[in-house]
Amino acid sequence: MKVLFRCDASINLGSGHVRRCLVLADALKRRGAVTTFVSRNLPGNLFAEILSKGHMLVPLPENVKSDIGNLNKKNNSTRATLLEEEDANQMLSVLSMECQDWVVVDHYELGCTWENRIRNITNHIFVKGAR
């Protein structure tokens, strides 16, 4: 079974999203699952811990282009949709559309727009943390 985790940790966000996913990933890995984390390269990320536990890691760039200059120009729902679409596009491009049995997302900024965009790589999405 292949399970992808989409979560971030940083000095500002904290580490709870990644730590929750690590507990699940560790249990799945013990049962033979291939586990991959896709996370932004933010200050305070937990990349070393993810890798030390034997999980694969695919880093995303720190900045999301849609966020630059849009904070005051777009309403919050438009801005959120742009961020979700860009995040999904970045993730799909680094994964080369590789199919996953499950995608686990623990992220307050990723919602239905993001989930609909990644549906073509998985049949199962597990969501923790909703906006």
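Let me start with a cysteine. Cys-112 is exposed, at 57% relative accessible area. The cut-off for exposed is over 50%. Cys-99 falls in the partly exposed class, because its relative accessibility is 49%. Disulfides in this structure: zero. Keep in mind that this is a predicted model.

Now the sheet. What is the strand order? It runs E3-E2-E1-E4-E5, five strands in an open sheet, with parallel pairing. E3, residues 56-60, and E5, residues 125-128, are the edge strands; each has a single partner, so one side of each has no neighbour in the sheet. On average, neighbouring strands are turned by 15° against each other, direction ignored.

Take one pair. E1 covers residues 2-7 and E2 covers residues 34-40; five bridges join them in the parallel sense. Phe-5 has Phe-37 in E2 as its bridge partner. Helix H1, residues 16-30, packs on this sheet. H1 touches E1, E2, E5 and strand E4, residues 102-106. The direction of H1 makes about 170° with that of E1.

Which residues have the most contacts inside the largest nonpolar core? They are Val-3, Phe-5, Val-18, Cys-21, Phe-37 and Ile-50, in a core of 16 residues. E1, H1 and helix H2, residues 47-52, each give two or more residues to this core. H1 gives the largest share, five residues.

Look at Val-3. Beyond its neighbours within four places in sequence, Val-3 contacts several residues, among them Leu-28, Val-34, Trp-102 and Val-104. There is also a second, separate core of 15 residues, including Leu-60, Leu-92, Val-103 and Val-105.

Technical notes
Residues numbered from 1 in each chain as written. Predicted model: local features only at pLDDT ≥ 70, side-chain atom pairs only at ≥ 80, totals over all residues. Heavy atoms only, no water. Pairing = 2+ DSSP bridges. Helix = DSSP H or I, 4+ residues; strand = E, 2+ residues; numbered from the N terminus. Axes fitted to C-alpha atoms, helices over the stretch in contact; angles between N-to-C directions. Contact = heavy atoms within 4.5 Å. Disulfide = S-S within 2.5 Å. Buried < 20%, exposed > 50% of the residue type's maximum accessible area, 1.4 Å probe, protein only. Core = buried A, V, L, I, M, F, W, Y, C linked by side-chain atoms within 4.5 Å.
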